[in-house]
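Here is a short report to read alongside the model. Take a look at the fold first, then follow the text from strands to side chains.

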Amino acid sequence: VRCGDIKCRSQKFVLNRKVANFCDVQELKIQEVREEFVEGMENQEGNHPDEGRDAGRAPRHMEVEVSNDLVDQCHAGDSIVVVGIVRAVNSALASGRVGKRAEETSTYKLYVVGHSIVNLT
């Protein structure tokens, strides 16, 4: 994609297919498994999960970005193991805001760049 004028603010661009590179990319949203959460509660300070400490608690989740051969390795509801690198991105910039105020925001969003997926189901 290229605009002829440096100061151009046009919203219309033409894709130059001769030099464009394409790759498969997928964003996964993973969440902790209920059984693992219950085991973790049992191991912490001798608490038993039936005491209601986890009642109403939503499972933690994280986004995983995969590309190329890792795309379509799992589907909704599958139990998987993901190996990757945790990255942080400024939450204001990630949501599409621009400018100096957005860059100075001190909250960050964590995500994982996936390098390996093992499907357990």
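## Overall make-up

The protein contains 3 helices and 4 strands, where helices (H or I, at least four residues) and strands (E, at least two) are DSSP runs, numbered from the N terminus. Along the sequence, these elements come in the order β-α-β-β-α-α-β.

Please keep in mind that this is a predicted model, in which local features need pLDDT of at least 70 and side-chain atom pairs count only at pLDDT 80 or more, while totals for chains, interfaces and linings use all residues. Residues are numbered from 1 along each chain as its sequence is written, and side-chain values use heavy atoms, with hydrogens and water left out.

## Strand pairing

Strand β2 (residues 61-67) runs parallel to β4 and is joined to it by 3 bridges; two strands count as paired if DSSP finds at least two bridges between them. Within this pairing, E65 sits opposite V113 of β4.

Strand β3 (residues 80-90) also pairs with β4, here in an antiparallel arrangement with 11 bridges. I80 has N119 in β4 as its bridge partner.

## Contacts and surface

For contacts (heavy atoms within 4.5 Å), consider those with a separation of 6 or more: 70% of them are between residues 24 or more positions apart.

Of the 121 residues, 17% count as buried; buried means under 20% relative accessible area, exposed over 50%, and partly exposed in between (1.4 Å probe, protein chains only). The protein exposes about 10200 Å², with carbon and sulfur atoms supplying 48% of that area. Accessible areas come from the Shrake-Rupley method with a 1.4 Å probe, and for residues only the protein chains shown count as cover.

## Salt bridges

A salt bridge here is a side-chain nitrogen of Lys or Arg within 4 Å of a carboxyl oxygen of Asp or Glu, and the count by this rule is 2. One of them joins R60 to E32, with 3.1 Å between the closest N and O atoms. This pair links distant parts of the chain, 28 residues apart: R60 is in the loop between α1 (34-43) and β2, and E32 is in the loop between β1 (25-31) and α1. R60 counts as exposed, at 57% relative accessibility, whereas E32 is buried at 18%.

K109 and E63 also form a salt bridge through their side chains, at 3.2 Å from N to O. K109 belongs to strand β4 and E63 to strand β2, so this pair ties together parts 46 residues apart in sequence. K109 is partly exposed, with a relative accessible area of 35%.
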